[in-house]
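Work through these exercises with the model open beside you. Try each task before you read its solution.

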Amino acid sequence: MDEVRFQTEYEQVADQLFTCLVRATGDREWAADLLQEAAFRAYRARKGFREDSAFKTWIYRIAMNVMKNQMIRQGRERRWAVEQGSQDLPSRQTPESLLSGKRTADELSRALEMLEEGYRMPFLLKHVDGMSYREIAEVLDVGEGAARVRVHRARHALANLLKGSWEDGQ
């Protein structure tokens with residue numbers, strides 16, 4: 001892949017990938033660093049890109065690997081899980097506040113942050129980025145069936161997390 005085509009393809013997916021990384025990490029600054037590192041690695045590897053998959057799934061996969069490696073190296077995932085413990089579960093809400101779109105969005109965002117990484121990314125790729133199960137499987141380097149199961153389990157986990165919040169608010 002030549003430099004011009006790489007730049008064109010990258011510009012088409014960069015904003016969407018950044019948004020996905022922000023949702024995955026909950027940290028815009030960290031997401032920007034991950035995007036920059038993924039772009040750099042993809043650029044260096046562009047000549048080896050065989051186009052067996054779409055550019056989008058290829059660079060998403062690179063970004064996911066960069067994120068996973070950083071999480072492992074920094075122990076960030078573990079620290080994040082501890083920091084986001086059950087005391088941060090959505091508190092009891094009034095019906096009025098539950099009707100607030102912002103509040104609901106905040107609760108969903110918090111619930112997404114509480115999902116295990118193995119479920120959060122497939123869910124975001126499916127429902128935020130609109131990827132097919134085949135594309136998710138390529139990005140995460142898993143089978144298509146595993147991608148479907150992870151999205152399903154993410155939906156179930158989110159429903160349970162939000163159910164408690166919404167029932168408490170009624």
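**Exercise 1.** At what angle do α1 and helix α2 (residues 28-45) pack, and how far apart are their axes?

*Solution.* Start with the source. This is a predicted model, where local features need pLDDT of at least 70 and side-chain atom pairs count only at pLDDT 80 or more, while totals for chains, interfaces and linings use all residues. Residues are numbered from 1 along each chain as its sequence is written, and side-chain values use heavy atoms, with hydrogens and water left out.

Step 1. Find the helices. Helices (H or I, at least four residues) are DSSP runs, numbered from the N terminus.

Step 2. Read the geometry. α1 and α2 pack at an angle of about 150°, and their axes are 9 Å apart. Axes are lines fitted to C-alpha atoms, for helices over the stretch in contact; angles run from 0 to 180 degrees between N-to-C directions.

Step 3. Name the arrangement. α1 is therefore roughly antiparallel to α2.

Step 4. The crossing of α1 past α2 is right-handed. In a right-handed crossing the near helix is turned clockwise from the far one by less than a right angle; anticlockwise is left-handed.

**Exercise 2.** Which residues of α1 and α2 meet?

*Solution.* Step 1. Contact means heavy atoms within 4.5 Å.

Step 1. List both sides. α1 brings E3, F6, Y10, A14, L17, F18, L21, V22 and T25. α2 brings R28, W30, A31, A32, L34, L35, A39, A42 and Y43.

Step 2. Sort the residues of this contact of α1 with α2. There are 15 nonpolar, one polar and two charged. Ala, Val, Leu, Ile, Met, Phe, Trp, Tyr, Cys and Pro count as nonpolar; Asp, Glu, Lys and Arg as charged; the others, Gly among them, as polar.

**Exercise 3.** How do helix α1 (residues 3-25) and helix α7 (residues 117-127) pack?

*Solution.* Step 1. The angle is about 150°, and the axes are 10 Å apart.

Step 1. α1 and α7 are therefore roughly antiparallel to each other.

Step 2. α1 passes α7 in a right-handed crossing.

Step 3. C20, R23 and A24 of α1 touch E117, R120, M121, L124 and L125 of α7. Five of the residues in this contact of α1 with α7 are nonpolar, none is polar and three are charged.

**Exercise 4.** How many salt bridges does a search of the whole structure find?

*Solution.* Step 1. Recall the idea. Side chains of opposite charge can pair when their charged atoms come close. A salt bridge is a side-chain nitrogen of Lys or Arg within 4 Å of a carboxyl oxygen of Asp or Glu.

Step 1. The search finds eight.

Step 2. Take R5 and E51. Their closest N and O atoms are 2.7 Å apart. R5 lies in helix α1 and E51 in the loop between α2 and α3 (55-74), so the pair ties together parts 46 residues apart in sequence. R5, E9 and E51 are linked in a network of salt bridges.

Step 3. R5 is partly exposed at 33% relative accessible area, and E51 is partly exposed at 43%. Buried means under 20%, exposed over 50%, partly exposed in between (1.4 Å probe, protein chains only).

**Exercise 5.** Which residue forms a salt bridge with R41?

*Solution.* Step 1. The partner is E37, with the closest N and O atoms 2.7 Å apart.

Step 1. R41 and E37 are four residues apart in helix α2, so about one helical turn separates them.

Key:
Helices (H or I, at least four residues) and strands (E, at least two) are DSSP runs, numbered from the N terminus. Angles under 35 degrees count as roughly parallel, over 145 as roughly antiparallel, 65 to 115 as roughly perpendicular and the rest as oblique.
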